Each structure stands twice: as structure tokens, then as C-alpha cells.
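Please take a moment to look over the sequence and the 3D structure below. Then read on for a friendly tour, topic by topic.

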Amino acid sequence: MKIIDLSRTITPGMQGFPGDAAPAIERREDGGFRTASLSLCSHAGTHVDAPAHLCSESVTLDMMPPETFWGLALLADVRGAAGRGIEITDLAPHAEKLAEADFLLLRTGWEDKFGTEEYLAGFPTLSREAAQYALSLGIRGFGFDTISADSVASEECPIHKTLLGAGALIIENLRGLGALPAGETFLLAALPMPLAEADGAPARIMAVLEN
Ligand SMILES: [Zn+2]
């Protein structure tokens, strides 16, 4: 068994969605012990979006049962979709395995640009039709190696609305997707911090591979 960590380490000032406060960590040593005070946006680093990230929805992460955060995942390699977007035709070859899976992880290749300006633009996003297609196959968690499920410039955010509006989770800022087998299913744990009234939360995301 092999465990692959798909989460980014949270560091002070790390890149986030434009306008979000960057993480701050204030360290102290007192009486021989170290502690730290953390200041985090609920969407810092690798994180999970709850339906309640949309003001029109009310389900927060802490309202969801623990089963929500575990399941079978399928990785689709969509690095070829840059410049055109991720369409049903990119997902249809995986239809049989998607029907068994709970999570769909999309490898756009954008994780390599993390920390640079290029990370924030030009990445392929799901078409609304492709999002609905995956939802119709029973996918209830969508993971991206990008800053957002929609383009940063999008004001409408159609993919957030489609997925979160259907009660699904979104995972953003995944890393390490190259270590996963494309087109195969594996166990995924997507465990957000246990925050009250969480519209989103930084999360530890791990894949469990059989060998
Ligand atoms: Zn988010």
C-alpha cells in the first residue's frame, strides 16, 4: 500500500486566490514549549469548498457526514485540454469507472506553476456540460490542481454554481497528481479542518494506492 499526499504545505504568504488574505503564522516559545497562532483564509492552500461557499446555499462542511470525505476517486489526465476546456469527450472514456467513483480528480498540469503569476490564468476548466455529465454519473467531489474550478476572471463562476449547487464538494490547489494512475480508481481521503460553519477549509488530501 502506498499513501500519496496531495496537499500543499501551508506557509506564511503562500499563494492564494487574488484578494484572499495570505496565511500568517506567529510563533512563540514560552516555558520551554513552542506554539503558533494561525491566521488562515478558509480557502487557503489545498482546501475543500462546501456548498455554503455560495451565498445561495446553506450546507457547511461541519454539517456533512464523515462519509462525504472518503471514497473512490478517478484521476483524469486532461493536460491536453489547455486552451479549449474540459469537455464530456475528455471524461466519457472513463464513464464506467466514473460510475463507481465518488471523486473525480482533474490533472491539468497547472500545479507546476504554483507560486507564479502563470498559476492564476489560462488553466482549462470544466464545461458546464462536462460538470453535469460527471454529476449524472454520481461524482460528488471534484478535485482540481488549479487555484479555482472556474477561471479567476470569471464573475459568473458557472462551475462553482453547478457543482456546489448540486451539493458536491470542490477541492482546489491539489498537488502531486502526477504520482497517481490516470484512468484508475483508488481510495481518497479528503479531510477538511473541523471548523464550525465552514464555507470551506484547508484540508489534508491523501490517495491510497494498492501498490
Ligand atoms: Zn475554494
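**A zinc site and its surroundings**

Along the sequence, the donor residues of the zinc ion follow the spacing H-x3-H-x1-D-x122-E. Donors here are N, O and S atoms within 2.8 Å of the metal (3.2 Å for Na, K and Ca), and water is not among the atoms, so sites may look incomplete. This is a predicted model, in which local features need pLDDT of at least 70 and side-chain atom pairs count only at pLDDT 80 or more, while totals for chains, interfaces and linings use all residues. Residues are numbered from 1 along each chain as its sequence is written, and side-chain values use heavy atoms, with hydrogens and water left out.

**The zinc site**

- Which residues hold the zinc ion? The ion is coordinated by His-43 (ND1), His-47 (NE2), Asp-49 (OD) and Glu-172 (OE), at 2.0 to 2.4 Å.
- The arrangement is irregular because the 4 donor atoms subtend angles of 74 to 166° around the zinc ion.
- For four donors, tetrahedral requires all angles to lie between 85 and 135 degrees; four count as square planar and six as octahedral if opposite donors are over 155 degrees apart and all others between 65 and 115, and anything else is irregular.
- Buried means under 20% relative accessible area, exposed over 50%, and partly exposed in between (1.4 Å probe, protein chains only).

**The overall fold**

- The protein chain has 4 helices and 10 strands. Helices (H or I, at least four residues) and strands (E, at least two) are DSSP runs, numbered from the N terminus.
- Read along the sequence, these elements give the pattern β-β-β-β-β-α-α-β-α-β-α-β-β-β.
- The protein chain is as compact as a globular protein of its length, because its radius of gyration of 17 Å is close to the 17 Å that the globule rule gives for 211 residues. That radius is taken over C-alpha atoms, and the globule rule is 2.2 Å times the number of residues to the power 0.38.
- Along its principal axes, the C-alpha trace spans about 60 × 40 × 35 Å.
- Of the 211 residues in the protein chain, 47% are buried.

**Empty space: one cavity and two pockets**

- Rolling a probe the size of a water molecule over the atoms shows where empty space is left.
- On a 1 Å grid over the protein atoms alone, a cavity is a set of points where a 1.4 Å probe fits but cannot get out, and a pocket is an open set with protein on both sides within 12 Å along at least five of seven lines; lining residues have an atom within 4 Å of a point. Grid points are joined across faces, edges and corners, and a volume is the space filled by probe spheres set on the points.
- How many cavities of 30 Å³ or more does the whole structure have? The search finds 1.
- The largest pocket holds about 260 Å³. Its lining has 16 residues, and Phe-17, His-53, Ser-148, Cys-157 and His-160 lie nearest its centre.
- The second largest pocket holds about 150 Å³, with Leu-72, Pro-181 and Val-208 among its lining residues. Strands β9 and β10 (200–209) are the elements that each give two or more residues to this lining, and β9 provides the largest share, 3 residues.

- Cys-157 sits in the loop between β7 (141–144) and α4 (158–165). Its phi is near 45°, a positive value in a residue other than glycine, and Cys-157 is partly exposed at 23% relative accessible area.
- Asn-173 also has a positive phi, near 65°, and belongs to the loop between β8 (169–172) and β9 (185–192). Is Asn-173 buried or exposed? At 1% relative accessibility, Asn-173 counts as buried.
- Arg-8, in the loop between β1 (2–5) and β2 (24–30), counts as buried at 17% relative accessibility. Its C-alpha atom is separated by 9.0 Å from that of Gly-176, 168 residues apart along the chain.
- Ala-73 is part of strand β5 (residues 70–77) and counts as buried at 0% relative accessibility.
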